[in-house]
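Please open the structure in the viewer and keep the sequence at hand.

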Amino acid sequence: ILTCVAIRAISRADGLPNVAVECRNSTNRHHLLKAGANEIISSEELGFRLLARTAIYHGMTRVYSELLTVGRDANEMYLFPVPEEFYGRDFVAIATMFLRYRDDRRSCLLLGLQRGDDMILNPINGEAGPVKAGDQLILLSRVFLNETQPLPTVPVVAPSRPAS
């Protein structure tokens, strides 16, 4: 908690970084948020959930390990700002654009959307509604996605211009 407060105090002039912290005691979550933590990770909670999934579906540990591996040719998840060309389109239309681009190592899968504090994974039957400005795409890719490069879709979508 004190580290969060110190980071916020030091970085005011330079802009605020994303502060991710580990919370060992879940009763401290609200204190960490008040102190300036943006994301709170509980390895205990994650461990319990992984054990439960593995008990039901043998081999899931390997799936989660692969998703959390950082390195060359490892599939990783990315949050990517929604380009203007996607505004108003639905999830299926955008996912299909990514699915058509499967012949190259830059291909990726659209897993869901981040909309404010809401995470919409694998939306069903229009559950996500039309994509809006401020939404972020949740993508699975083997290659780091750079916001300045075109997205691997058919048709190719150029990066959004920064708002001025």
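Begin by selecting Asp 135 and Arg 115, which form a salt bridge with their closest N and O atoms 2.8 Å apart. A salt bridge is defined here as a side-chain nitrogen of Lys or Arg within 4 Å of a carboxyl oxygen of Asp or Glu. Asp 135 lies in the loop between strand 5 (118-121) and strand 6 (136-141), while Arg 115 belongs to strand 4 (residues 108-115), so the pair ties together parts that are 20 residues apart in sequence. Helices (H or I, at least four residues) and strands (E, at least two) are DSSP runs, numbered from the N terminus.

The model is a predicted one, in which local features need pLDDT of at least 70 and side-chain atom pairs count only at pLDDT 80 or more, whereas totals for chains, interfaces and linings use all residues. Residues are numbered from 1 along each chain as its sequence is written, and side-chain values use heavy atoms, with hydrogens and water left out.

Are Asp 135 and Arg 115 buried or exposed? Asp 135 is buried, at a relative accessible area of 3%, and Arg 115 also counts as buried, at 17%. The terms have cut-offs: buried means under 20% relative accessible area, exposed over 50%, and partly exposed in between (1.4 Å probe, protein chains only).

Next, select Glu 45 and Arg 49, whose side chains meet in a salt bridge of 3.7 Å, N to O. Both residues lie in helix 3 (residues 43-56), four residues apart, or about one turn of the helix. Glu 45 is partly exposed, at 28%, and Arg 49 is exposed, at 55%. In total, the salt-bridge count comes to two.

Now turn to the aromatic rings, of which the structure holds two pairs. Select Tyr 78 and Phe 144: this pair is edge-to-face, 5.8 Å centre to centre, with 75° between the planes. Rings of Phe, Tyr and Trp (its six-membered ring) pair if their centres lie within 6.5 Å; planes under 30 degrees apart count as stacked, over 60 as edge-to-face and the rest as tilted. Tyr 78 lies in strand 3 (residues 76-81) and Phe 144 in the segment after strand 6, so this pair ties together parts that are 66 residues apart in sequence. Tyr 78 is buried, at 13%, whereas Phe 144 is exposed, at 58%.

Finally, select Phe 86 and Phe 98, an edge-to-face pair with 6.4 Å centre to centre and 70° between the planes. Phe 86 lies in the loop between strand 3 and helix 5 (91-99), and Phe 98 lies in helix 5. Both Phe 86 and Phe 98 are buried.
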